[in-house]
Amino acid sequence: HELIKNMDNELHTLTNVNGQFPPNSYNNFYYTIPRAGMYHFVTTLSLKEAPPRAGYIRFSARIMRANGEVTTSTMQDVYYDPDAYGTPFITSSFMYRLSTGDQIQVVARPLTDNVTIGNGTKLYIYQHGDTIQE
């Protein structure tokens with residue numbers, strides 16, 4: 001799957017879902033939030049080939065609220081340098097507070113060059129609970 005420069009690319013290569021809670025909460029590349037609280041997102045892109053030069057990939061969260069409003073929030077810009085690293089993986093990690101029923105999708109936007117991703121690309125979403133109150 002090629003990620004196009006300066007475009008929010010859906011990670012629709014993530015077609016094998018190994019686990020989800022509650023069942024059937026992941027569809028159309030959106031995950032429906034079952035409980036309000038903080039969520040931790042970890043995305044790993046497996047590059048099929050090294051980019052031609054050093055650059056950045058921007059990871060964002062596209063959120064569709066229950067009222068139908070869609071927003072995209074930049075979460076992290078990840079630097080890569082094919083001359084300095086021997087690994088084909090680019091990883092982002094961020095947290096975001098969400099409400100019950102929100103639908104979220106993680107998108108990747110190469111800022112320097114198109115990049116091609118393949119097998120080994122992963123997305124993990126962990127729920128960390130809500131604010132502790134006395």
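A surface patch, as used here, is made of residues with over 30% relative accessible area and no salt bridge, with nonpolar side chains joined within 5 Å. In this predicted model, Tyr56, Tyr79 and Tyr85 make a nonpolar patch of about 340 Å². Tyr79 belongs to strand E7. Its relative accessible area is 41%, so Tyr79 is partly exposed.

**The E6-E7 hairpin**

Strand E7 spans residues 70-80 and strand E6 residues 55-64. The two pair in the antiparallel sense over 10 bridges. They form a hairpin with 5 residues between them. In the turn, Gly68 has a positive phi of about 95 degrees. Met64 has Val70 of E7 as its bridge partner.

Ser73 also sits in strand E7. Is Ser73 buried or exposed? Ser73 counts as buried, because its relative accessibility is 19% and the cut-off for buried is under 20%. Beyond its neighbours within four places in sequence, Ser73 contacts Ser60, Ala61 and Tyr96.

**The three-stranded sheet**

An open sheet of 3 strands runs in the order E8-E5-E11, with antiparallel pairing. Strands E8 (89-98) and E11 stand at the edges; each has a single partner strand, so one side of each lacks a neighbour in the sheet. On average, neighbouring strands of this sheet are turned by 15 degrees against each other, direction ignored.

Strand E5 covers residues 37-46 and is joined to E8 by 10 bridges. The pairing of E5 with E11 takes 7 bridges. Val42 stands opposite Ser93 in E8, and its bridge partner in E11 is Tyr124. Leu45 stands opposite Ile90 in E8. E5 is mostly covered, with 8 of its 10 residues buried.

**The loop at Gly120**

Gly120 lies in the loop between strand E10 (115-116) and strand E11 (122-129). Gly120 is partly exposed, at 25% relative accessible area. Which residues does Gly120 contact, leaving aside its neighbours within four places in sequence? They are Thr44, Ser46 and Phe89. Thr44 is 76 residues from Gly120 in sequence, yet the two C-alpha atoms are 7.8 Å apart in space.

**Salt bridges**

The count comes to 6 salt bridges.

| Pair | N to O distance |
|---|---|
| Asp8 and Arg62 | 4.0 Å |
| Arg53 and Asp113 | 2.9 Å |
| Asp102 and Arg65 | 2.5 Å |

Asp8 and Arg62 form a salt bridge. Asp8 lies in the loop between strand E1 (2-3) and strand E2 (9-10), and Arg62 in strand E6, so the pair ties together parts 54 residues apart in sequence. Asp8 is partly exposed at 22% relative accessible area, whereas Arg62 is buried at 14%. Both residues belong to a network of salt bridges that links Asp8, Glu10, Arg62 and Arg109.

Arg53 forms a salt bridge with Asp113. Arg53 is in the loop between E5 and E6, and Asp113 in the loop between strand E9 (103-110) and E10, so this pair ties together parts 60 residues apart in sequence. Arg53 is partly exposed at 45% relative accessibility. Asp113 is buried at 15%.

Asp102 and Arg65 meet through their side chains. Asp102 lies in the loop between E8 and E9 and Arg65 in the loop between E6 and E7, so the pair ties together parts 37 residues apart in sequence. Asp102 counts as buried at 2% relative accessibility. Arg65 is partly exposed, with a relative accessible area of 26%.

How values were computed:
Residues are numbered from 1 along each chain as its sequence is written. This is a predicted model: local features need pLDDT of at least 70, side-chain atom pairs count only at pLDDT 80 or more; totals for chains, interfaces and linings use all residues. Side-chain values use heavy atoms; hydrogens and water are left out. Helices (H or I, at least four residues) and strands (E, at least two) are DSSP runs, numbered from the N terminus. Buried means under 20% relative accessible area, exposed over 50%, partly exposed in between (1.4 Å probe, protein chains only). Contact means heavy atoms within 4.5 Å. Two strands pair if DSSP finds at least two bridges between them. Axes are lines fitted to C-alpha atoms, for helices over the stretch in contact, and angles run from 0 to 180 degrees between N-to-C directions. Patches are made of residues with over 30% relative accessible area and no salt bridge: like charges are joined within 9 Å, nonpolar side chains (Val, Leu, Ile, Met, Phe, Trp, Tyr) within 5 Å. Accessible areas come from the Shrake-Rupley method with a 1.4 Å probe; for residues, only the protein chains shown count as cover.
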